[in-house]
Amino acid sequence: VSLIGVRFIAGVTFDFSTAAITNLAPAQRVLVVANETAFACRYGTNLPIAGAYAGHLDNKGEQVRLVDAWNNVILDFTYYPAAGWPTAADGGGSSLEVLDVNGDYNDPHNWQASLIPGGTPGSPAIVLPSFTSVFQEGTQLHLRFQAAAGQTYTLHWSEGLRTGQWQVLATVPEGASTRLEEVTDDLAPPTPQRFYRLATP
């Protein structure tokens, strides 16, 4: 994808036409930072930085708009420090991370405060896994969870919490978007009890 003509025109200003990176391969990420030297000192020098933007993002909330070479809107959203937006990203050391890049950027539920202070620039957001539903049909137990884009998951089971012996039930590879995943466990009798845990490698 060519970034020639792509520009941030609200919130901060930046033109990719004269940037260090002007093309993106599929699933590639690019960073636009406030200060390249300060960013490199904090996060290292091996990240794809297109350049430094002008202006700054307001802590009180602000509209951000990204347009293409023909002024067609690519992204246009407004973030806030309240009204359902993640409060830990309001001066608490976390960054704002979008959960579903194909979702609604104006929806505060599509954002999270980064689990790692300062965020993980250049990488997908790290989302803590959790089950959304568990139900049984006959001898089959269905375990559903919300999977984040670009994140792999491992589902373990154990017959007791004290033993600490967990066995792998399934490994779910990373996907391109946020989605609902389901893993089925066949509870062949006799199965007195089972405990499950969901982990990200």
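The model is predicted, so local features are described where pLDDT is at least 70 and side-chain atom pairs where it is 80 or more, while totals for chains, interfaces and linings use all residues. Residues are numbered from 1 along each chain as its sequence is written, and side-chain values use heavy atoms, with hydrogens and water left out. Helices (H or I, at least four residues) and strands (E, at least two) are DSSP runs, numbered from the N terminus. Two strands pair if DSSP finds at least two bridges between them.

- Three strands make up an open sheet in the order β12-β11-β14, with antiparallel pairing.
- β12 (167–172) and β14 (195–199) are the edge strands, each with a single partner, so one side of each has no neighbour in the sheet.
- From one strand to the next, the twist averages 20 degrees (axes are lines fitted to C-alpha atoms, and angles run from 0 to 180 degrees between N-to-C directions).
- Five bridges link strand β11 (residues 153–158) with β12 in the antiparallel sense, and His156 stands opposite Val168 in β12.

- Another open sheet of three strands runs in the order β9-β10-β13, and its pairing is antiparallel.
- Here β9 (131–137) and β13 (179–186) stand at the edges with a single partner strand each, so one side of each is left without a neighbour in the sheet.
- The twist in this sheet averages 20 degrees from one strand to the next.
- Strand β10 (residues 140–147) runs antiparallel to β13 and is joined to it by eight bridges; Leu141 has Asp185 in β13 as its bridge partner.

**Strands β1, β5 and β6**
- Strand β1 (residues 7–10) pairs with strand β5 (residues 62–67) in the antiparallel sense over three bridges, and Phe8 stands opposite Leu66 in β5.
- β5 is also joined to β6, by six antiparallel bridges, with Val73 in β6 as the bridge partner of Val67.
- β5 and β6 form a hairpin with five residues between them, and Asn71 in the turn has a positive phi of about 65 degrees.

**The ends of helix α1**
- At the start of α1 (residues 36–43), a side-chain oxygen of Asn35 comes to within 3.0 Å of the backbone nitrogen of Thr37.
- Just after α1, Gly44 has a positive phi of about 100 degrees.

**Residues in loops**
- Ser94 sits in the loop between β6 (73–79) and β7 (96–98), and it counts as buried because its relative accessibility is 18% (buried means under 20% relative accessible area, exposed over 50%, and partly exposed in between, with a 1.4 Å probe and protein chains only).
- The side chain of Ser94 reaches the backbone oxygen of Ser114 at 2.9 Å.
- Asp107 belongs to the loop between β7 and β8 and, at 29% relative accessibility, counts as partly exposed.
- Asp107 and Trp85 are 22 residues apart in sequence, and their C-alpha atoms are 8.5 Å apart in space.

**A nonpolar patch**
- Leu115, Ile116, Ile126 and Leu128 make a nonpolar surface patch of about 350 Å².
- Patch residues have over 30% relative accessible area and no salt bridge, with like charges joined within 9 Å and nonpolar side chains (Val, Leu, Ile, Met, Phe, Trp, Tyr) within 5 Å; a salt bridge is a side-chain nitrogen of Lys or Arg within 4 Å of a carboxyl oxygen of Asp or Glu.
- Leu115 lies in the loop between β8 (111–113) and β9, and counts as partly exposed at 41% relative accessibility.

How values were computed. Polar contact = N/O pair within 3.5 Å; in protein donor to acceptor, adjacent residues only side chain to side chain. Areas by Shrake-Rupley, 256 points an atom, 1.4 Å probe, with all protein chains shown as cover.
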